[in-house]
Amino acid sequence: MKNLQQTQNITMIALAIFAFVMIVIGFFSAKKAKTLDGFLLGGRKIGPWVSAFAYGTSYFSAVVFIGYAGQHGWNIGLGSMWIGIGNAVLGCLLAWLLLAKRTRSMTHAMGIKTMPEFFEGRYKSTLMKIVAAVIIFVFLVPYSAAVYKGLGSMFTTIFPDVSVNTWMMVIAILTAIYLVLGGYVATAYTDFVQGIIMIVGVIAMVIAIVMNPKYLFCDEPNSGLDPYTSILIDRLISDLTKEFNMTTVVNTHDMNSILEIGDKIGFISKGELLWQGDRHTILQTDCRELRDFVCANTLARNIIEGGK
């Protein structure tokens with residue numbers, strides 16, 4: 001409870017500072033958003049670094065950081081990195097190399113401010129403008145919903161008493177304030193700040209996990225080892241668990257290891273958890289499948305049955 005309260009206090013302070021910064025950026029950007037061109041495009045004077053951060057932050061925010069990394073990262077493991085690589089190469093780099101410079105040059109030459117206007121001017125078709133606007137609207141709705149839902153869920157995890165909808169409303173109001181005040185300039189510079197925060201946050205998270213792990217997963221750590229080395233490995237696992245005060249999950253078929261270091265034991269057969277207990281009760285189990293596994297030879301079965 002104390003740790004949760006501390007986390008909530010830090011989050012509220014960070015959120016207040018970030019909201020203040022966003023509003024300041026909004027007021028600062030309002031000077032450059034007095035015209036329609038300034039409001040929508042920032043006068044076409046947004047630098048490459050700010051533009052890159054704005055694009056990357058919008059593209060890799062809640063959808064990738066919380067959705068892909070948060071869920072698939074923990075479920076799939078390192079293989080989920082291909083999702084990020086695919087998004088970075090195909091979703092970002094390829095789009096910028098093929099489309100960015102050409103699109104900017106053509107829209108600047110034609111005096112166009114939005115993509116629907118670009119399609120209308122490029123193909124001399126009002127229908128193309130309508131279709132483009134509908135496509136952008138239809139696909140941005142679920143994307144925006146995912147972003148707000150992701151952020152709302154994240155804050156609800158820290159503040160369980162506040163609903164997701166309430167946090168989504170708070171985030172929407174803050175976003176509306178700086179967006180209405182400063183238009184694209186405010187959005188770009190706010191995303192730039194968010195990008196810096198995301199990079200620093202990811203680095204800090206990786207360092208925290210590596211330096212102070214909460215969980216250790218071991219898959220058949222004694223497989224193929226001689227009995228003496230297996231005992232050393234078991235002792236090493238036990239010492240690491242105590243030294244770092246973490247939870248260790250061991251997947252093993254080695255009964256010696258189970259009886260040596262197993263505190264909480266589960267027996268899984270054909271994808272189903274059939275038994276739970278500890279090393280003191282495993283030898284007295286009534287689970288037939290577990291007894292067949294533990295007592296693979298007649299001598300062990302006679303000893304256990306004789307001890308009942």
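The chat below goes through a predicted model of one protein chain.

Colleague: Before the details, what should I know about how this model was handled?

Modeller: This is a predicted model, in which local features need pLDDT of at least 70 and side-chain atom pairs count only at pLDDT 80 or more, while totals for chains, interfaces and linings use all residues. Residues are numbered from 1 along each chain as its sequence is written, and side-chain values use heavy atoms, with hydrogens and water left out.

Colleague: How many helices and strands are there in the protein chain?

Modeller: The protein chain has 12 helices and 4 strands, these being DSSP runs numbered from the N terminus (H or I, at least four residues, for helices; E, at least two, for strands).

Colleague: And what share of the residues count as buried?

Modeller: Of its 308 residues, 25% count as buried, where buried means under 20% relative accessible area, exposed means over 50%, and partly exposed lies in between (1.4 Å probe, protein chains only). The accessible surface of the chain comes to about 20800 Å², and 68% of that belongs to carbon and sulfur atoms; the areas come from the Shrake-Rupley method with a 1.4 Å probe, and for residues only the protein chains shown count as cover.

Colleague: Which residues make up the largest nonpolar core?

Modeller: That core has 10 residues, namely Met255, Ile258, Ile265, Phe267, Trp275, Ile282, Cys287, Leu290, Val294 and Cys295. Helix H10 (255–261), strand S3 (265–269) and helix H11 (288–294) each supply at least two residues of this core. A nonpolar core here is a set of buried Ala, Val, Leu, Ile, Met, Phe, Trp, Tyr and Cys residues joined through side-chain atoms within 4.5 Å.

Colleague: What does Phe267 touch?

Modeller: Not counting residues up to four places away in sequence, Phe267 touches Glu272, Leu273, Leu274, Trp275, Glu289, Leu290 and Phe293, a contact being heavy atoms within 4.5 Å.

Colleague: Why does Cys287 count as buried, and how many disulfides does the structure hold?

Modeller: Cys287 counts as buried because its relative accessibility is 13%, and Cys218 counts as buried because its value is 14%. The structure holds 0 disulfides, a disulfide being a pair of cysteine sulfur atoms within 2.5 Å.

Colleague: Where is Lys264, then?

Modeller: Lys264 is found in the loop between H10 and S3, and with a relative accessible area of 81% the residue is exposed. The C-alpha atoms of Lys264 and Asp278 are separated by 4.9 Å, although the two residues are 14 apart along the chain.

Colleague: Changing topic, which residue forms a salt bridge with Glu289?

Modeller: Glu289 is paired with Arg288, the closest N and O atoms being 3.5 Å apart; Arg288 is exposed at 55% relative accessible area, whereas Glu289 is partly exposed at 32%. A salt bridge is taken as a side-chain nitrogen of Lys or Arg within 4 Å of a carboxyl oxygen of Asp or Glu. The structure holds 2 of them, and one joins the side chains of Glu120 and Lys129 at 3.8 Å, N to O. Glu120 is partly exposed at 25%, as is Lys129 at 30%.

Colleague: What makes up the nonpolar surface patch?

Modeller: The patch of about 1000 Å² is made by Met81, Trp82, Ile85, Val89, Leu90, Leu93, Leu94, Leu97, Leu98 and Leu99. Patches are made of residues with over 30% relative accessible area and no salt bridge, with like charges joined within 9 Å and nonpolar side chains (Val, Leu, Ile, Met, Phe, Trp, Tyr) within 5 Å. Leu94, for one, lies in helix H5 (residues 81–110) and is partly exposed, at 38% relative accessible area.

Colleague: Last one: is Val50 buried or exposed?

Modeller: Val50 counts as buried, at 12% relative accessibility, and its place is in helix H3 (residues 48–59). Leaving aside neighbours within four places in sequence, Val50 is in contact with Ala188, Tyr189 and Phe192. Val50 and Val193 are 143 residues apart in sequence and 9.2 Å apart in space, C-alpha to C-alpha.
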